[in-house]
Amino acid sequence: MRESVIDLQDVSWERDGKPIVRHVDWQVQKGEHWAVMGLNGSGKTTILNLINGYIWPTSGTVSVLGSPFGTIDLRELRKSIGWVSSSLQERLYPTSRAEHIVLSGKYATIGLYDEVEEADLQRAHELMDQLGCAHLVGRTYQTCSQGEKQKLLIARALMASPKLLILDEACNGLDFLARESLLAGITDIASRPDAPTLLLVTHHIEEILPIFSHTLMVRRGDVFAQGRSSELLQTATLSAFFETPVHIERQRDRAWLSVP
Ligand SMILES: Nc1ncnc2c1ncn2[C@@H]1O[C@H](COP(=O)(O)OP(=O)(O)OP(=O)(O)O)[C@@H](O)[C@H]1O
Ligand SMILES: [Mg+2]
């Protein structure tokens with residue numbers, strides 16, 4: 001049976017009488033991982049805020065992890081949703097040790113207040129290992145590079161065993177090697193049998209790894225197209241989407257964009 005992770009039906013959101021997102025129909029099933037693409041201000045973060053219940057649709061219905069909004073405790077639901085964004089980075093304590101940053105994800109707190117359990121510490125180490133940042137154990141957060149911090153934040157989000165993990169521009173500010181290393185970690189996570197459903201918000205087409213089976217393309221508050229990444233990430237579709245000619249080359253199962 002198909003298991004619904006996200007179900008948006010005809011969702012619109014207006015602000016001061018102005019439509020910000022319009023008539024969004026979007027269904028994500030378990031087993032799929034999605035990339036969400038769109039230019040600045042197109043409505044991506046707004047759609048994520050609707051999914052987390054931080055904002056309420058002006059019209060339409062939202063259901064996440066099988067729970068229709070309006071009938072459930074959103075605080076409970078949010079425990080099953082991990083969200084990694086750069087704004088989170090600034091809220092963590094600079095002097096915390098790397099493994100404690102990861103560990104605090106279990107309690108969704110900033111900083112650690114409870115006694116640390118050995119099993120949890122072990123899990124934190126395992127997650128750091130998976131993301132290729134086990135060497136950071138013992139280091140303070142402030143001494144970690146941008147790429148290392150981003151890995152710690154993803155490990156932190158995984159500590160709560162979320163069913164849905166949202167990566168909002170996770171590769172921002174990373175050099176090409178740090179980015180490839182982070183993408184390899186994300187691929188690794190997605191390949192595990194207990195993997196959460198991943199949503200990757202990105203401006204960079206080449207970050208849409210083969211594991212992101214589907215892509216949602218948002219333009220000026222509308223869904224321009226959605227479906228299989230391999231079908232959408234093509235020269236013709238992307239040129240129409242960006243309203244300017246672009247050229248796509250496929251390499252290592254990823255699409256690379258250039259402007260001719
Ligand atoms: N609370 C709000 N009040 C008024 N306008 C808003 C509000 N939230 C978002 N907007 C507007 O809605 C549009 C979509 O914003 P959103 O943050 O969803 O874009 P985005 O696709 O995430 O962009 P970016 O790639 O820059 O992060 C923008 O024009 C933004 O200014
Ligand atoms: Mg945004």
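Hi everyone, let me start at the ligand: strand 1 (4–15) and helix 1 each supply at least two residues of the shell around ligand 1. Helices here are DSSP runs of H or I with at least four residues, strands are runs of E with at least two, and both are numbered from the N terminus. Before going on, a word on the model: it is predicted, local features need pLDDT of at least 70, side-chain atom pairs count only at pLDDT 80 or more, and totals for chains, interfaces and linings use all residues. Residues are numbered from 1 along each chain as its sequence is written, chains are lettered from A and ligands numbered from 1 in the order in which they are written, and side-chain values use heavy atoms, leaving out hydrogens and water.

Back to the ligand. Helix 1 gives the most to the shell, with three residues. Around ligand 1 there are 13 residues, and Gly 41, Gly 43, Lys 44, Thr 45 and Thr 46 come nearest; a residue counts as near if one of its heavy atoms lies within 4 Å.

Now for the rings. The structure holds five aromatic pairs, meaning rings of Phe, Tyr or Trp (its six-membered ring) with centres within 6.5 Å; planes under 30 degrees apart are stacked, over 60 edge-to-face, and the rest tilted. Trp 56 and Phe 69 are a stacked pair, 5.9 Å centre to centre with 25 degrees between the planes. Trp 56 lies in the loop between helix 1 (44–51) and strand 4, and Phe 69 in the loop between strand 5 (67–68) and helix 2 (74–78), so the pair ties together parts 13 residues apart in sequence. Phe 69 is buried at 13% relative accessibility, while Trp 56 is partly exposed at 45%; buried means under 20%, exposed over 50%, partly exposed in between, with a 1.4 Å probe and protein chains only. Elsewhere, ring pairs link Phe 224, Phe 241 and Phe 242 into a cluster.

One last stop, Ser 63, in strand 4 (residues 59–64). Ser 63 is buried too, at 14%. Leaving aside residues up to four places away in sequence, Ser 63 touches Val 5, Ile 6, Asp 7, Pro 68 and Phe 69, where contact means heavy atoms within 4.5 Å.
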